[in-house]
Amino acid sequence: MNTYKRHRFPRDVISYAVWLYYRFNLSHRDIGDLLAERGITVSRESIRLWCIKFGALYARRLKRNHRGYGDTFFIDEVFVKVNGKQHYLWRAVDQDGEVVDVFLQARRDGAAAKRFFRRLLRNHGSEPRKIVTEKLRSYPVAHREVMPESIHVTDRYANNRAEQSHERTRVRERGMRRFKSVRQAQRFVTAHAAVQNLFNLSRHVVRAEHYRNLRVSAFAKWSRAVA
């Protein structure tokens, strides 16, 4: 089935707009200006609807074709305001900084931790060798009941990798003037994480030539996802 059927603009324009939105800290109006500079007049509302529809679609395709995650999960939760109410954004990243999963919940108690751990097992397929968390008492409860075979580390500063991964979402949250609903927030962070993983190329630890090759490969994967 043609994914772009009955859309006035071609695939290249739509996918480029969606890529800009999830790859960079840009608003829908910013993207409209970038497209206008290239002679393409698109309304802000059209770009918003593209990002909703195709962002989720691209994210599913990217996750389906992901090469796999590491054997160590760094898990953390951070509070976010959604429509004026406090929620918690749970996040798991592997040792390479790739986002394994993000999940928005209203609480951070033991039940919420177990729900997130089960979600990780369902999506990952098996228990990780090691999980690294902070000292929140909800984590040992979920570890004992859901991932008992995994090594559980709670050393001070050991979980910095997950905490740093939250920063990109914080930047976008401020640019969007906070999330308006739980559904919108979950939809955004899921697509944002998938695009982030694709272009997580570790520029600071690889040679320039190798980085350029990785970037070419990432763009090739993106082209297949938006086809």
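The following exercises, each with a worked solution, concern a predicted model.

**Exercise 1.** Classify the orientation of helix H3 relative to helix H8, and identify the residues that make their contact.

Solution.
1. The axes of H3 (residues 44-64) and H8 (residues 208-226) come within 9 Å and cross at roughly 120°.
2. Angles of 65 to 115 degrees count as roughly perpendicular and those over 145 as roughly antiparallel; H3 and H8 are therefore oblique to each other.
3. The handedness of the H3 and H8 crossing is right-handed.
4. On the H3 side, Tyr58, Arg61 and Leu62 make the contact, and on the H8 side Lys221, Trp222, Ala225 and Val226 do.
5. Sorted by class, the contact of H3 with H8 has 5 nonpolar and 2 charged residues, and no polar ones.

**Exercise 2.** Which residues touch the most other members of the largest nonpolar core, and which elements supply at least two residues of this core?

Solution.
1. The largest nonpolar core has 50 residues, of which Ile14, Tyr22, Trp50, Phe54, Tyr58 and Trp222 touch the most other members.
2. Helices H1, H2, H3, H7 and H8 and strands E1, E2 and E3 each supply at least two residues of this core.
3. Leaving out residues up to four places away in sequence, the residues touched by Trp50 include His7, Phe9, Ile14 and Val42.
4. Another core, of 18 residues, lies apart from the largest one; among its residues are Ile75 and Met147.

**Exercise 3.** Is asparagine 83 buried or exposed?

Solution.
1. Asparagine 83 is in the loop between E1 and E2.
2. Its phi is near 55°, a positive value in a residue other than glycine.
3. Exposed means over 50% relative accessible area; asparagine 83, at 61% relative accessibility, therefore counts as exposed.

Note on methods: Residues numbered from 1 in each chain as written. Predicted model: local features only at pLDDT ≥ 70, side-chain atom pairs only at ≥ 80, totals over all residues. Heavy atoms only, no water. Axes fitted to C-alpha atoms, helices over the stretch in contact; angles between N-to-C directions. Helix = DSSP H or I, 4+ residues; strand = E, 2+ residues; numbered from the N terminus. Parallel < 35°, antiparallel > 145°, perpendicular 65-115°, else oblique. Left-handed = near helix turned anticlockwise from the far one by under 90°. Contact = heavy atoms within 4.5 Å. Nonpolar A, V, L, I, M, F, W, Y, C, P; charged D, E, K, R; others polar. Core = buried A, V, L, I, M, F, W, Y, C linked by side-chain atoms within 4.5 Å. Buried < 20%, exposed > 50% of the residue type's maximum accessible area, 1.4 Å probe, protein only.
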